[in-house]
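Morning, everyone. Please take a look at the chain on the screen, and then we'll walk through it.

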Amino acid sequence: MRAVVFDAFGSDLRVREVPAPAPPPGGAVIRVEATGLCRSDWHGWQGHDPDIRVLPHVPGHELAGVVE
């Protein structure tokens with residue numbers, strides 16, 4: 001699947017192919033049709049979000065899509 005990814009905090013954002021996610025137990029995978037990036041994504045990209053500890057990282061949490 002295609003996604004915007006950053007490999008280091010403050011680095012260039014790239015659109016590239018990444019592995020398709022697997023749903024967690026009791027969860028679902030959403031085929032994203034539209035998304036936006038907001039200021040909290042910017043903070044994550046800058047390294048200000050302590051919840052983002054593993055890189056590379058795919059930002060974005062404001063999305064709309066279809067349950068696969």
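A strand here is a DSSP run of E with at least two residues, a helix is a run of H or I with at least four, and both are numbered from the N terminus.

Some ground rules. This is a predicted model, where local features need pLDDT of at least 70, side-chain atom pairs count only at pLDDT 80 or more, and totals for chains, interfaces and linings use all residues. Residues are numbered from 1 along each chain as its sequence is written, and side-chain values use heavy atoms, with hydrogens and water left out.

Back to Val32. Its relative accessible area is 42%, so Val32 is partly exposed. Buried means under 20%, exposed means over 50%, and partly exposed is in between, with a 1.4 Å probe and protein chains only.

Together with Ile30, Leu63 and Val67, Val32 forms a nonpolar patch on the surface. The four share about 340 Å² of accessible area, computed by the Shrake-Rupley method with a 1.4 Å probe, with only the protein chains shown counting as cover. Patch members have over 30% relative accessible area and no salt bridge; nonpolar side chains (Val, Leu, Ile, Met, Phe, Trp, Tyr) are joined within 5 Å, like charges within 9 Å. Strands S3 and S4 each supply at least two residues of this patch.

Now the charges. Side chains of opposite charge can pair when their charged atoms come close. A salt bridge here is a side-chain nitrogen of Lys or Arg within 4 Å of a carboxyl oxygen of Asp or Glu. How many salt bridges does the structure hold? Four.

Take Arg31 and Glu68. Their side chains meet at 2.6 Å, N to O. This pair links distant parts of the chain, 37 residues apart: Arg31 is in strand S3 (residues 30-36), Glu68 in the segment after strand S4 (62-67). Arg31 is partly exposed at 39%, while Glu68 is exposed at 61%. Shared partners join Arg31, Glu33 and Glu68 into one network of salt bridges.

Next, Arg16 pairs with Asp7, closest N and O atoms 3.0 Å apart. Arg16 is partly exposed at 30%, and Asp7 is partly exposed at 42%. Asp12 pairs with Arg14 at 3.4 Å. Asp12 is exposed at 53%; Arg14 is partly exposed at 48%.

Last, the record. An unreviewed UniProt entry places "domain: Alcohol dehydrogenase-like N-terminal" at residues 25-68. UniProt positions follow the numbering used here, feature names are shortened, and annotations may be inferred rather than shown by experiment. That span is 18% helix and 30% strand, and its end C-alpha atoms lie 15 Å apart.
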